[in-house]
Amino acid sequence: MKYSHLFLIITLLLAVFLVMAFRSPGVQENTEKLSTEARLSPEDYPAYGSGCLASGCHAGIAPIREHDSKMAQDIYEKGKARGDMNGCVVCHKGDPETNDKLTAHKDMIRYPGSIWLEEGSCLQCHKDYYYNMHRNLMQTEAGKIQGALWGWGAQSGYDAIYGNYAIDDTNGLTPDVGTETYKSYMQKMREHFPGNFPKELQLLPEADISSIAEHPEQGVFTYLRSECLRCHVGVRGKQGRGDYHGDGCAACHIPFGDEGLYEGLDPSIPDDEPGHMLVHSIQSSRKAKLQINGKTWSGIPSETCSSCHNRGKRIGVSFLGLIESPYDTPWQADGSGQPKLHGKRYQFVRDDHHHSPESRDGNPYGGLLCQDCHTTIAMHGNGNIGGTTLGEVEVECSDCHGTPDNYPWELPIGYNDEFGLSTEAEARGLSTELLPEQLTFSSLYPPIDGYLFSARGNPFGNVVREGNAVIVHSAGGLDFRVPVLKKIRGEDAWTTPVKAKTAMINVGSHMDKMECYACHSTWAPQCYGCHVKIDYSNNFSSTDWLKTGEAHFPNGETSQTCPGKGGTRKLAGKATEGRTYIRWEDPILGVNGEGRIGPIITGCQQITTVIGPDGSMLVNNKIWHTPPYMENSGAEGQRGIDMSPAQPHTSSREARECTSCHANPKTLGYGISDGKYMQGYGSARYLDLQDNEGNVLSRNAIAQFNSIGGLDFDLSKVISRDGQQLQTVGHHWPLSGPLSQLSRDKMERAGVCMACHQDIPNGNIPIKMLVKAGKMLDMVPLTDEDHSELLNDDLRWSALTKVGIPACCILVILIIVYVVRRRRIKRK
């Protein structure tokens, strides 16, 4: 008996151990702390004080990864085989055995993450990533290029033709990575939309200055090469406050502060010279810990992403809650103006709920990182050439949140990602296996009940099911329980029950036809009017970021970084940008490429001016047009100013108010205040003295602002009341456009107050009596809630009187008829 009891106890203890070992670690929102015990001390190098780490050289430099990590141990092993116990030569080459600096640094790789490396460094272990990254949008920027050319009338179609560099897909048109489901999905997308998944890209041309007078639309080439394309991973970009970053792998995986100053302990790196990394350590997944100034972190901070994603759709800074501002207030502590960041100044609106889901004492705490949602395949590329962001991103809101009717694993592949194509009927289910890339390089988490799938069929390595709960493991070290809609519905645990049930359950078409963020993006950056001036006079020149990237060398450096190579390359002409006005509230709604209703924001409403080499005005405030009959236009074509469907990354837990869409003409595309204002650009405007006929009196008068030909409406107006489209909406996908006439008519409820108040309080006698009784009984509705409750009661009474009472009357009549007939039968 004693042995059987002992066996039972051991069995129970083992069971408890297994449960503890495989349960979700730290699944408590915002409670898990980053470990401060990561071995990151310089003294822990295998041979600290020797070789590159000798006193007077790089002693004190932080390890690229924790000393006991697999990556660091592999580097040390490789270094040992090459005579360098500390492994510096594995990534940087050079000679660690000499005290002569020039000899030690001969053939050295200063920037190991460069995408231009031909051998060694990151390329040793991540060769496939290099192939994919060269074809990824973060290197080609094909979608951005196509959009700019579209707005200048320099490209006639929707296809992605040009990239930052000439490139083709030598591996074939099937993705190199991902599940078979994902590969099949992407092949289907390519078959239906070949222009968005090109086989090759041509190098973006340069402006031909000799023919610029005949073809001023070439100014867009100068604009792109000198301004818009400075953030691709082939260069280090504009070295200014907030713009500091590495190139290639280092663009994301090496931390840079806004000021670009080094704060590590390597005495050979100046700490007062902008342009340096913050610390010599890799940031990647949760398992990779970094330390600086007594603080430890993991993952890639969202601020790293915003060093590039602050132009165009501005999703990086919007996620952090910032919007561009023309003002330098509030003043700094010393009375100076707000410093520029990314070349702009900002104001704070509200950060995305995913960035700051909790608040403690009014301060945001924790939050998700960009990489927690955006998958490794979307970020590094799948080996094929992408032509647009929407074609590359594989994640949808419902992948984690599900719908009120279905858990995420009950949804089919392709849900919320339809593009007008049919989706599979089968539930996507869960996965217990990860991709090889995830197993090799990512932080691994127990699957518990299974890993969730993306809308395109790849497993999320950091998102797991636990019962009917969904847990997201953030690379930043925190774990979050996701609000799962079906679970909330079952428990009736809505934050705002009436609004939530009405919007998502009672009005089911919202879920069928709209993006979740159509309602939950409560604001979005709207920079109306992108005024671009290209000036070729006075020998103006600018940095040509593509030529700078093309001027690269075997050690991975470009002319921008390599000493003695002339610095950044130049091109003729200078670009200057401006705005008409900026807004953030009540984003306009339209239809995106997936065929779903969502926000549309100012993609690039380009209004262009080009000055020739001799100073002559070639075009002034010109709005270009598309070819005839495109974008619901006529023979003259559509205006090339563009409103772009976007996921603004400004979600809040509580959605925007119903009235912000249904009673707001701006949201429907009719413009702010129904487009009544901002219509004065048809002619130049003078503010000097004028007579009673509007004639300017002074012969020295200068127009306060010039005219913009063809702009006789507010830039926030997408479509007229009679259904005439006024500007383009998206320029990549056939389904994108303004809201249809049917959608606008069904949505608009502006003026519904008049339905009641045209008769209240002085209508007919019964209404006057009702108003009088309401006042006497103190039942007059004052607040919005009072009105809602009153209308709901009236609706019920109306249903009762219009349907219930007639039905009862019919029933009574039928009973009477039945009784009368029975009596007649009995009499017979």
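Mentor: A residue is called buried under 20% relative accessible area, exposed over 50%, and partly exposed in between, using a 1.4 Å probe and protein chains only. This is a predicted model, in which local features need pLDDT of at least 70, side-chain atom pairs count only at pLDDT 80 or more, and totals for chains, interfaces and linings use all residues. Residues are numbered from 1 along each chain as its sequence is written, and side-chain values use heavy atoms, with hydrogens and water left out.

Trainee: Is Cys 88 buried or exposed?
Mentor: Cys 88 counts as buried, because its relative accessibility is 18%.

Trainee: How many disulfides are there?
Mentor: A disulfide is a pair of cysteine sulfur atoms within 2.5 Å, and by this rule the count is 0. The closest cysteine sulfur to that of Cys 88 belongs to Cys 52, and at 4.0 Å it is too far for a bond. Cys 519 is in no disulfide either, since the nearest cysteine sulfur, that of Cys 661, is 5.8 Å away; Cys 519 is partly exposed, at 22% relative accessible area.

Trainee: What span should helix α27 have?
Mentor: The expected span is 1.5 Å times one less than the number of residues. For the 12 residues of α27, residues 765-776, this gives 16 Å, which agrees with end C-alpha atoms 16 Å apart.

Definitions and conventions:
Helix = DSSP H or I, 4+ residues; strand = E, 2+ residues; numbered from the N terminus.
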